[in-house]
Amino acid sequence: MSTPEPESGTPWWRDAVCYEVYPRSFADGNGDGVGDLPGVTARLDHLGRLGVDAVWITPFYPSPLADGGYDIADHTAVAPDLGTEADFDAFVARAHDLGLRVLIDLVPNHTSDAHPWFREALASAPGSAARSRYLFRPGRGANGELPPNDWQSAFGGPAWTRVPAPGGGPGEWYLHLHAPEQPDLDWRHPEVVADFERILRHWLDRGVDGFRVDVAHTLFKAPGLPDAGPGQHQDILRNHLMPYYDQEELHPLFRTWRRLLDTHPAPPGAVPPGQRVMVAEAAVFDPARLARYVSPGEMQQAFNFAFLECPWDGTEMRGVVERSVASMRAVGAPVTWVASSHDAIRPVTRYGGGALGLRRARAAALLMLALPGAAYLYQGEELGLPQAHVPDDRLRDPLWERSGHRERGRDGCRVPLPWEGTAAPYGFSTATADDCWFPQPGDWADLTVEAQEDDPASMLALYRSALRLRHAAPAPADAAPVTEGPADGSWLAFDRGPGLRCLTNFGPDPVPLAAGDEILLASTPLEGRAVPADTTVWLRRSS
Ligand code: GLC
């Protein structure tokens with residue numbers, strides 16, 4: 001079956017900028033200290049004024065919150081602390097009124113251990129139909145006391161947990177590639193396949209325009225669940241060789257989903273079938289392997305984590321840009337650039353922290369937003385937030401406990417956004433700072449939306465200008481930027497299209513501009529006609 005494309009022009013998602021909302025930390029509408037859907041809806045005009053094209057909202061489903069909501073107990077309902085189904089509809093309607101497309105998370109690899117299927121599985125005997133929707137196996141060792149294989153959880157420790165036998169005493173083990181509260185589904189089970197088609201239809205009927213597919217590379221496990229072998233996880237670039245990643249059966253499944261998205265009727269306000277999008281969160285680092293997720297008839301986008309992982313180094317960044325563009329171009333897909341997410345250290349901190357980190361984060365933002373392709377922006381990047389320190393006793397990320405308190409995890413990028421005022425909770429909530437679900441730093445008064453609103457030198461002003469200019473200078477549909485720069489990587493330049501050239505100075509020495517180049521935007525004030533260190537400039541070339 002061929003995939004219908006929109007009737008004319010470039011599909012919207014090829015060049016779209018999508019803003020990621022982490023709802024419990026965006027804005028609190030009911031004053032209980034936790035962000036919620038009415039809070040998001042009330043503040044959605046912030047995204048309109050920013051100039052993004054789409055919003056992706058991370059899981060808002062009922063969840064015991066063992067992993068920030070990625071442990072889902074009911075995939076077609078709304079968590080009571082976040083609102084009601086009517087609140088979700090109001091969010092979608094407001095987004096569509098603002099011209100924003102709406103993406104939501106599809107989390108197919110696992111459920112919560114509170115999901116009715118898993119509860120039924122625990123109450124049923126080994127070998128029962130209820131257990132066969134998950135991956136239960138007998139243990140190894142004389143008494144089944146060892147896990148069935150050597151697989152490790154992404155959050156540390158074995159990927160297996162033993163459950164009691166229904167009649168008492170130790171029983172089988174079940175697989176969880178993440179936290180024990182996130183049992184993996186068996187994607188070879190027809191009821192699992194059918195249920196996720198039901199889930200897709202449910203949300204399409206409620207007006208969503210696409211899905212971000214969580215850990216899309218892990219759904220199928222190699223038959224027989226073989227050991228991964230010693231040293232697993234050590235070579236991240238070859239992680240597609242792991243027996244629980246990147247299995248062949250993923251691709252027919254994604255083609256089925258794509259056909260569903262392309263044919264299921266759309267309610268008013270949503271994009272028509274054929275324009276809906278799926279974006280793969282697939283931590284596959286071999287660019288050619290990743291490209292398979294976005295080959296014709298499968299997903300349209302796959303997060304490019306190579307940009308996020310790249311250190312602030314011109315040679316390495318040039319390699320990332322060139323390899324990413326070449327591999328996606330080979331399958332006709334755009335590169336989907338990602339600089340941050342709810343799982344990553346915020347760029348200001350990643351690039352060195354303080355004034356230097358902020359300066360580089362500004363330069364990186366302009367670099368990413370000039371590149372042809374789609375881009376994802378995580379809430380708070382437009383404010384230049386650093387990673388926040390969350391005290392030990394307030395940490396919630398399962399990584400903290402599972403790593404034996406060696407890894408603090410991802411909570412530092414998940415603290416509530418600062419909107420206004422001079423003290424926590426900075427307009428996030430009408431609750432007191434102490435009653436908010438994460439504490440905010442005391443020194444964020446200068447980082448609020450209000451403080452940055454009218455300051456032309458602010459990060460917010462930079463993002464707004466960049467998004468306006470980016471829209472005015474769309475990249476050609478099949479753009480493949482030719483990168484230019486010296487062999488030492490001290491600077492990197494490329495043309496986004498005829499109207500916009502981007503130059504980033506990674507080195508210590510100023511880079512002089514050509515006499516006729518018109519400066520459209522600079523991440524740091526220029527020194528006369530030279531681009532200073534750690535700065536990106538957007539130019540229109542003299543012809
Ligand atoms: C994805 C999510 C992450 C979550 C994991 C397990 O990587 O982005 O937050 O912990 O999947 O669902």
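**Figure 1. The lining of the largest pocket, by residue class.** In this predicted model, the lining of the largest pocket has 21 nonpolar, 16 polar and 11 charged residues. Here Ala, Val, Leu, Ile, Met, Phe, Trp, Tyr, Cys and Pro count as nonpolar, Asp, Glu, Lys and Arg as charged, and the others, Gly among them, as polar. A pocket is an open set of points on a 1 Å grid over the protein atoms alone, with protein on both sides within 12 Å along at least five of seven lines, whereas a cavity is a set of points where a 1.4 Å probe fits but cannot get out; lining residues have an atom within 4 Å of a point. The volume of the largest pocket is about 1,200 Å³, a volume being the space filled by probe spheres set on the points, with grid points joined across faces, edges and corners. Its lining consists of 48 residues, and A154, E281, A283, D343 and R410 lie nearest the centre. Helix 8 (305-309) and strand 11 (374-378) are the elements that give two or more residues to this lining; helices (H or I, at least four residues) and strands (E, at least two) are DSSP runs, numbered from the N terminus.

A note on reading these views: residues are numbered from 1 along each chain as its sequence is written. Local features need pLDDT of at least 70 and side-chain atom pairs count only at pLDDT 80 or more, while totals for chains, interfaces and linings use all residues, and side-chain values use heavy atoms, with hydrogens and water left out.

**Figure 2. Domains around the largest pocket.** The chain is divided into domain 1 (12-111 + 191-466), domain 2 (116-175) and domain 3 (482-540), with bounds that come from an automatic or database domain assignment. Because domain 1 and domain 2 both give residues to its lining, the largest pocket lies between them. Between the C-alpha centres of domain 2 and domain 3 there are 57 Å.

Figure 3. Which distances might you check for polar contacts, taken as pairs of N or O atoms within 3.5 Å? An N or O atom in the side chain of D343 is 2.5 Å from an oxygen atom of the ligand. For the side chain of D214, the distance from an N or O atom to a ligand oxygen is 2.8 Å. The side chain of H110 has an N or O atom 3.0 Å from an oxygen of the ligand.

Figure 4. Helix 7 (287-291), strand 9 (301-304), helix 8 and helix 9 (314-329) each supply at least two residues, and helix 9 gives the largest share, 6 residues.

**Figure 5. Two cavities.** Searching the whole structure finds 2 cavities of 30 Å³ or more. The largest cavity has a volume of about 100 Å³, and its lining includes A339, Y351, M368 and E381. Helix 11 (354-370) and helix 14 (459-472) each supply at least two lining residues, with helix 11 giving the most, 4 residues. The classes here are 10 nonpolar, 1 polar and 1 charged. In the second largest cavity there is about 30 Å³ of space, lined by residues including W12, W13, L103 and Y376. That lining has 8 nonpolar residues, 1 polar and no charged ones.

Figure 6. Strand 4 and strand 6 (residues 170-175) are joined by 2 bridges, and F136 has Y174 as its bridge partner in strand 6.

**Figure 7. Backbone details in the loop between helix 12 (398-402) and helix 13 (449-453).** Both P425 and H405 are found in this loop. Most residues other than glycine have a negative phi, and most peptide bonds are trans. The peptide bond joining A424 and P425 is cis, with omega of about 5 degrees. H405 has a positive phi, near 65 degrees.

Technical notes
Two strands pair if DSSP finds at least two bridges between them. A polar contact is a pair of N or O atoms within 3.5 Å; within protein, one must be able to donate a hydrogen and the other to accept it, and residues adjacent in sequence count only if both atoms are side-chain atoms.
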